[in-house]
Amino acid sequence: MCGRYWLVTPFDVLASRFHVRGERTPLVPRWNAAPGQDLPVVRGDPKVRGARILEPMRWGLVPSWAGGPEDAGRPINARAETAATKPTFKEPLRRRRALVPADGFFEWKKGDRGGEPWAIRLKSRRTFAFAGLYDEWKPRGGPPQRTFAILTTRPNELVAGLHDRMPVILSPEGEALWMDPDAQDPARLAPLFEPPDAALMEAFPVSRSVNAPAHDDPSVLDPPSPEPPRPPKVKKDRATQRSLWEDGEDGGEDDAG
């Protein structure tokens with residue numbers, strides 16, 4: 001899945017990279033972008049065919065047919081293999097596709113002390129785009145609320161050591177097809193869901209401070225702090241009568257962290 005990413009590239013660079021037109025939008029650097037936040041998304045300009053605009057959208061998709069945001073599951077990811085068959089995603093896949101710019105993303109590897117955060121990015125350090133879907137929910141008497149989700153696919157060799165899913169990362173050529181309003185057949189889009197070449201990417205462990213969305217600064221990419229050693233477990237004699245005030249049997253607590 002994809003639950004966190006970072007984007008610190010300024011607007012002017014994004015506008016050039018993704019062929020965005022329109023007024024300059026001030027962007028806040030996001031070192032730890034998280035679900036529920038308003039984040040930059042590139043979508044087609046409804047007024048000019050073929051043109052693109054960049055605007056903030058809330059991460060966590062609310063379908064247009066939902067009774068309200070509180071009634072929606074607000075999924076942050078959609079499985080690329082099944083999106084065309086799911087009520088929440090099938091119409092956005094046909095008509096409301098978007099590019100979600102990113103400089104890298106985070107994934108958590110299972111370890112002895114719980115999830116260990118890793119950062120993944122292109123070796124070139126260039127900004128890329130996730131394949132995104134968006135929708136518009138229209139409240140009574142108010143402007144439409146646009147929200148988005150990120151498509152995921154099977155991992156490449158690099159990410160497979162961290163997680164069993166990864167976000168769909170589009171090549172520049174794939175971005176053009178993804179944003180083509182005439183491309184509505186899911187079968188035509190399916191080749192875009194192949195994971196990128198692992199040789200183009202790199203991954204490295206980072207600070208556990210990224211676990212909290214409130215930590216939104218460059219320090220989340222710092223190396224992890226050394227973990228203090230755990231005290232050795234003392235094996236208890238199970239034949240000994242226990243006090244009524246002792247904890248339950250040895251091993252009853254979760255040591256996963």
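**View 1. Contacts of Leu151 in the predicted model.** Leu151 touches Ala78, Arg79, Ala80, Ala83, Ala131, Leu133, Met166, Pro167, Val168, Trp178 and Phe193, leaving aside residues up to four places away in sequence. This is a predicted model.

**View 2. The largest nonpolar core.** This core has 28 residues. Leu99, Leu133, Leu151, Trp178 and Phe193 touch the most other members. At least two core residues come from each of α1 (11–17), β9 (128–137) and β10 (145–153).

**View 3. Arg97 over the ring of Trp178.** The charged end of Arg97 sits 5.4 Å from the ring centre.

**View 4. The stacked pair of Trp59 and Phe148.** The structure holds 7 aromatic pairs. In this one, the rings are 6.0 Å apart, centre to centre, with 10° between the planes. Trp59 belongs to strand β4 (residues 52–59) and Phe148 to strand β10, so the pair ties together parts 89 residues apart in sequence. Trp59 counts as buried because its relative accessibility is 2%. Phe148, at 1%, also counts as buried.

**View 5. A cluster of aromatic rings.** Ring pairs link Tyr5, Trp59, Phe105, Phe128, Phe130 and Phe148.

**View 6. Pro10 in the loop between β1 (5–7) and α1.** Pro10 counts as partly exposed, at 44% relative accessibility. Val28 is 18 residues away in sequence. In space, the C-alpha atoms of Pro10 and Val28 are 8.5 Å apart.

Methods:
Residues are numbered from 1 along each chain as its sequence is written. This is a predicted model: local features need pLDDT of at least 70, side-chain atom pairs count only at pLDDT 80 or more; totals for chains, interfaces and linings use all residues. Side-chain values use heavy atoms; hydrogens and water are left out. A nonpolar core is a set of buried Ala, Val, Leu, Ile, Met, Phe, Trp, Tyr and Cys residues joined through side-chain atoms within 4.5 Å. Buried means under 20% relative accessible area, exposed over 50%, partly exposed in between (1.4 Å probe, protein chains only). Helices (H or I, at least four residues) and strands (E, at least two) are DSSP runs, numbered from the N terminus. Contact means heavy atoms within 4.5 Å. Rings of Phe, Tyr and Trp (its six-membered ring) pair if their centres lie within 6.5 Å; planes under 30 degrees apart count as stacked, over 60 as edge-to-face and the rest as tilted. A charge sits over a ring if NZ of Lys or CZ of Arg is within 6 Å of the ring centre and within 35 degrees of the ring normal.
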